Amino acid sequence: MGLALIAGQGGVPPHLVRVLLARGEVPVLCEVEQFPSQVTGDMPRLGFRLETFGSLLAELRARGVTRLCMAGAMRRPEVDPSRIDAATAPLVPRLTAAMAKGDDGTLREIVAIIEEAGIAVVGAADIAPDLLPELGLLTGTLPEGVAIALPAAEAALAEMGRSDTGQAVVVRGGTVVAREDARGTDAMLADLALGAFNPLDLALDAAVDWRRAADAQATPAFLYKAPKPRQEMRVDMPVIGPDTAARAAQAGLAGIVIAAGGVMVLDRARVIEVLAGAGLFLWVRDGGSSGGQG
């Protein structure tokens, strides 16, 4: 039962490869030609383009691959119609229609195509369960006001999910201060650290100093990250890592809340170390995950 890994960018694919190799399983590493991964080492590799996706699936079947995992950040590549090969041409109408539905629709259609080819799609957390942290407060002290602000965060994520625009928000009191866009969570936090607020989201004075969140008298601002409603979790589960922790500290937030079972934590020990060193909390909250395969 061979396994293939379509590896995007970021730290999750290298972590998965380390886990697989440690238990004696060598994956076939597949990388989008325009966006190579950070995976190093000697293993079978296949480069491909979206225009040759049909041929990639045929090659994987020929190599005995029966399971496939998609992990890592993946941007939508530019498509060159002249490079669409014969094996992929029949898939073009389906992929074109899916792309019109956004990233989530595109991923769902790609999963369907893979499974129709006789290859089971497995999630990164199925390969490396250590990526899903246990419930509870993993570091820090939970400030007053965080729990009562969660409904505003959940409502914002539900709205964003309907438009397929993001998986994270920053909330202060009942106000959504910032929303993740296509650039990702870390870019949103970097904007906050620089004072680059979106006036459509900000109902407060843009000159506010976010580092006041460390002041016990200030209403705490925090990052909330969770899956979108009905998100295809096998191929698009949210993730935070040490960079997220560092940027949350730089933005002056009080901490991070994530949905239990719905957000992976890469290099958990380092994340906790960074947050603890900066006096931030990390709460893995039950009941906050609204994603699913449904």
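**Exercise 1. Determine which residues of helix α10 are buried and how they are arranged about the helix axis.**

Solution. Step 1: helix α10 spans residues 268–278, and its buried residues are V271, V274 and L275. Buried denotes under 20% relative accessible area, exposed over 50%, and partly exposed the range in between (1.4 Å probe, protein chains only). Helices (H or I, at least four residues) and strands (E, at least two) are DSSP runs numbered from the N terminus. The model is a predicted one, in which local features require pLDDT of at least 70 and side-chain atom pairs pLDDT 80 or more, whereas totals for chains, interfaces and linings use all residues. Residues are numbered from 1 along each chain as its sequence is written, and side-chain values use heavy atoms, with hydrogens and water left out.

Step 2: viewed down the axis of α10, the buried residues fall within an arc of 95 degrees, so they line one face of the helix. The arc is that of the directions from the helix axis to the C-beta atoms. An α-helix has 3.6 residues a turn, so residues three or four places apart point the same way.

Step 3: on the other side of α10, A269 and G277 are exposed.

Step 4: the buried residues of α10 pack against β6, α9 (242–250), β11 (255–259), β12 (264–265) and β13 (281–285), contact meaning heavy atoms within 4.5 Å. Just after α10, G279 adopts a positive phi of about 80 degrees.

**Exercise 2. State the strand order of the six-stranded open sheet and identify the strands at its edges.**

Solution. Step 1: the order is β6-β13-β11-β9-β7-β8, with mixed pairing. Two strands pair if DSSP finds at least two bridges between them.

Step 2: β6 (136–139) and β8 (175–179) each have a single partner strand, so one side of each lacks a neighbour in the sheet. From one strand to the next, the twist averages 25 degrees.

Step 3: β7 (residues 168–172) and β8 run antiparallel and are joined by four bridges. V169 stands opposite R179 in β8.

Step 4: helix α7 (residues 185–194) lies across β7, β8 and β9 (221–225), at about 35 degrees to β7. Axes are lines fitted to C-alpha atoms, for helices over the stretch in contact, and angles run from 0 to 180 degrees between N-to-C directions.

**Exercise 3. Is E180 buried or exposed, and which side chain does its own side chain meet in a polar contact?**

Solution. Step 1: E180 is placed in the loop between β8 and α7.

Step 2: its relative accessibility is 8%, so E180 counts as buried.

Step 3: the side chain of E180 makes a polar contact with that of T185 (2.4 Å). A polar contact is a pair of N or O atoms within 3.5 Å; within protein, one must be able to donate a hydrogen and the other to accept it, and residues adjacent in sequence count only if both atoms are side-chain atoms.

Step 4: not counting residues up to four places away in sequence, E180 touches several residues, among them M160, M188 and K225.

**Exercise 4. Describe the location and the polar contacts of S37.**

Solution. Step 1: S37 lies in the loop between β2 (28–32) and β3 (45–48), and S37 is buried at 14% relative accessibility.

Step 2: the side chain of S37 makes a polar contact with the side chain of E31 (2.7 Å). A polar atom of the S37 side chain also lies 3.2 Å from the backbone nitrogen of V39.
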